[in-house]
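User: I would like to learn how to read a protein structure feature by feature. Could we work through one together?

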Amino acid sequence: EAPVLRKPSWIRVRIPSGNAVAKLKEKLRANRLVTVCEEASCPNIHECFGHGTATFMILGEVCTRRCSFCDVAHGRPKPPDASEPANLARTVADMGLKYVVVTSVDRDDLRDGGAAHFVECIAAIRAQSPGTRIEILTPDFRGKGRMERALEILAANPPDVFNHNLETVPELYRNVRPGADYQWSLTLLQKFKAQHPDVVTKSGIMLGLGEEREQVEQTLRDLRAHDVDMITIGQYLQPSAHHHPVMRYWTPEEYKHFETFGLALGFTHVASGPLVRSSYHADRSAAEAGLA
Ligand code: SF4
Ligand code: SF4
């Protein structure tokens with residue numbers, strides 16, 4: 001049993017409310033869409049929605065995996081909703097979004113891991129909002145033949161940014177990310193980049209699950225060795241008492257160290273800070289990486 005650590009002063013999660021956000025939420029409900037921004041009560045929601053950025057969760061809210069840090073329900077998911085790509089595209093156009101992150105739970109029940117549904121969403125958004133940049137944050141497509149199938153399907157309609165999170169250092173995988181494999185995830189990122197040299201690749205890790213500084217540095221080296229362009233590093237916060245405890249709150253200075261370390265390794269963009277999330281400032285980061 002780890003002791004319950006007190007939140008330090010630099011972790012202040014305020015959940016703002018307001019008219020603009022309330023209106024957008026109505027549109028999301030009307031189209032039966034789920035955003036990570038709302039689900040995770042993300043403190044950046046005003047800023048992101050205001051800038052025209054949002055993160056949508058497709059393929060349902062039930063995951064076939066059970067990671068010890070994650071608040072998503074576990075069980076048997078429903079078949080993909082065939083009307084979701086059109087609903088998503090209409091909402092993106094309605095909200096006037098300029099930068100969209102599309103993510104999903106793991107769908108180990110589907111032969112392609114959900115890749116075809118991702119591609120349908122990309123195509124539908126592009127058809128209605130050709131100027132909108134699309135980042136996909138995908139599962140690992142782990143399983144026999146699944147990565148190959150997924151990569152082949154994605155090749156038909158690649159996103160502007162391909163993001164797949166390692167989440168943590170390899171030493172903690174067994175405990176934190178059962179069902180995933182560190183090298184598999186690195187290989188996915190590398191293979192995608194080899195197929196699409198012009199598409200930015202991105203990954204992310206959370207700190208505070210029990211990792212050591214040298215392990216984080218090695219993970220950053222591994223990502224660069226697999227041609228990953230951008231990285232996000234943020235503090236893990238425990239969603240409930242039943243989830244993995246926070247083992248440590250890394251300090252802002254330590255986040256700064258990883259930023260410097262990452263930039264020296266050659267990442268085009270490193271977002272590292274206590275409140276950084278996978279999609280935090282995704283639009284700006286992409287712009288700095290020379291994309292948007
Ligand atoms: Fe949504 Fe990501 Fe922005 Fe949070 S940081 S509001 S999850 S887009
Ligand atoms: Fe959560 Fe993703 Fe793990 Fe599923 S695979 S439990 S959505 S972190």
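User: At roughly what angle do the axes of helix α8 and helix α9 cross, and within what distance do they come?

Analyst: Keep in mind that this is a predicted model. Two packed helices are described by the angle between their axes and the distance between the axes. Here, helix α8 covers residues 182–195 and helix α9 covers residues 213–225. Their axes cross at roughly 35 degrees and come within 9 Å.

User: Which residues in α8 and α9 meet?

Analyst: On the α8 side they are Y182, L186, L189 and Q190. On the α9 side they are T219, D222, L223 and A225. Sorted by class, this contact of α8 with α9 has five nonpolar residues, two polar ones and one charged one.

User: Now the whole chain. How many helices and strands does the secondary structure come to?

Analyst: The chain has 11 helices and 10 strands. Along the principal axes, the C-alpha atoms fill a box of roughly 45 × 45 × 40 Å.

User: What share of the residues in the chain is buried?

Analyst: Buried residues make up 52% of the 292. As for the surface, the chain exposes about 13,300 Å², and carbon and sulfur atoms supply 52% of that area. Contacts can also be sorted by separation in sequence. Of those in the chain with a separation of 6 or more, 77% are between residues 24 or more positions apart.

User: Let me try a single residue. Is T53 buried or exposed?

Analyst: A residue counts as buried under 20% relative accessible area. T53 has 3% relative accessibility, so it is buried. T53 lies in strand β2, which spans residues 53–58. Leaving aside neighbours within four places in sequence, T53 is in contact with C48, L97, Y99 and D283.

User: Which residues are around ligand 1?

Analyst: They are C37, C42, N44, I45, C48, T55, S279 and Y280. C48 is also one of the contacts of T53. By class, the shell around ligand 1 has five nonpolar and three polar residues, with no charged residues.

User: And which residues surround ligand 2?

Analyst: Ligand 2 is surrounded by C63, R65, C67, F69, C70 and D106. The shell around ligand 2 has four nonpolar and two charged residues, but no polar ones.

Definitions and conventions. Residues numbered from 1 in each chain as written. Chains lettered and ligands numbered in written order. Predicted model: local features only at pLDDT ≥ 70, side-chain atom pairs only at ≥ 80, totals over all residues. Heavy atoms only, no water. Near = heavy atom within 4 Å. Nonpolar A, V, L, I, M, F, W, Y, C, P; charged D, E, K, R; others polar. Helix = DSSP H or I, 4+ residues; strand = E, 2+ residues; numbered from the N terminus. Buried < 20%, exposed > 50% of the residue type's maximum accessible area, 1.4 Å probe, protein only. Contact = heavy atoms within 4.5 Å. Axes fitted to C-alpha atoms, helices over the stretch in contact; angles between N-to-C directions. Areas by Shrake-Rupley, 256 points an atom, 1.4 Å probe, with all protein chains shown as cover.
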